[in-house]
Amino acid sequence: MKKVALNGAGLLVALFAAFPVYWMVATSLKPNREIFSATPRPVPAHPTLEHYREILTGNLIPGVTFGDFLLNSVLVAVSTVVLSGLVALLAATAVARFRFRLRTTFLIMLLVVQMIPLEALVIPLFLMIQRLGLYNTLPSLILTYLGFSLPFAVWMLRGFVAAVPKELEEAAAIDGASRAQTFRKVLFPLVAPGLVATSIFSFITAWNELIFALTFVNDQSRYTLPVAMTFFFGRDDTAWGSVMAASTLFTLPVIVFFLLVQRRMVSGLVAGAVKG
């Protein structure tokens, strides 16, 4: 009975979490008359791809399509993931393998940075981006998201690197491997699950962020998808069918990215937690 109760509770939680996603997809397939009906139905009576067609073939703003916004988001998110993984792995290796002054202070500062609210950093970062000449460019967003994802990535990868026995690297060195070869062929494969876990965090951070994308970019052709979503909301009316269709398309890349790395995600969340 206890097992049945736990499974039933787990099923209810899963249904509760999945229902908003189902409602989003179902609404995107409904014609407008069903969306604004006085008695909404959970299942579309007359499914249609009209809203998807409007989004993919029309222009949200003159000369810019939904695909342009999607491409901008993909470039920013993928660049953030690649740079974050590379820099975080090198920093985590240095922190875990070497002893230097202010090492503990560096680790504490990583946690302190995570406690600062994003809203408090908008103006300082905006001024810094302007002085660097990166205002109204996608690299400004990549650098900003990189700064917010690195503390978590470094802190998490440090546990993975520390869990790798030093004897493995020493054995590779005795066999004639250089430091670069040891890093590439010994350390990197063993900490790959950690890179997967941190890459998911970095990807979602860069994919969903709105405030900095709206502040640092003024050219509408360089807007990312979160900013483009705001065009569906008018002062007096909201195109809910288009909103739900765009939200569904907005979610697909995250699902695809997760499916590509999900095999290593579970091991990535627990490996490195205990040093042995």
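Residues are numbered from 1 along each chain as its sequence is written. Because the model is predicted, local features need pLDDT of at least 70 and side-chain atom pairs count only at pLDDT 80 or more, while totals for chains, interfaces and linings use all residues, and side-chain values use heavy atoms, with hydrogens and water left out.

The chain is divided into domain 1 (1-48) and domain 2 (63-275), with bounds that come from an automatic or database domain assignment. Taken over C-alpha atoms, the centres of domain 1 and domain 2 are separated by 32 Å. Six residues of domain 1 are in contact with eight residues of domain 2, where contact means heavy atoms within 4.5 Å. Between them, domain 1 and domain 2 bury about 560 Å², 80% of it on carbon and sulfur atoms; buried area is the accessible area (1.4 Å probe) that two parts lose on being put together, summed over both.

The structure holds two salt bridges, each a side-chain nitrogen of Lys or Arg within 4 Å of a carboxyl oxygen of Asp or Glu, and the count between domain 1 and domain 2 is zero.

| Salt bridge | N to O distance |
|---|---|
| Glu 169 and Arg 97 | 2.8 Å |
| Asp 219 and Arg 222 | 2.9 Å |

Arg 97 counts as buried because its relative accessibility is 13%, whereas Asp 219 is partly exposed at 27% and Arg 222 is partly exposed at 33%; buried means under 20% relative accessible area, exposed over 50%, and partly exposed in between (1.4 Å probe, protein chains only).
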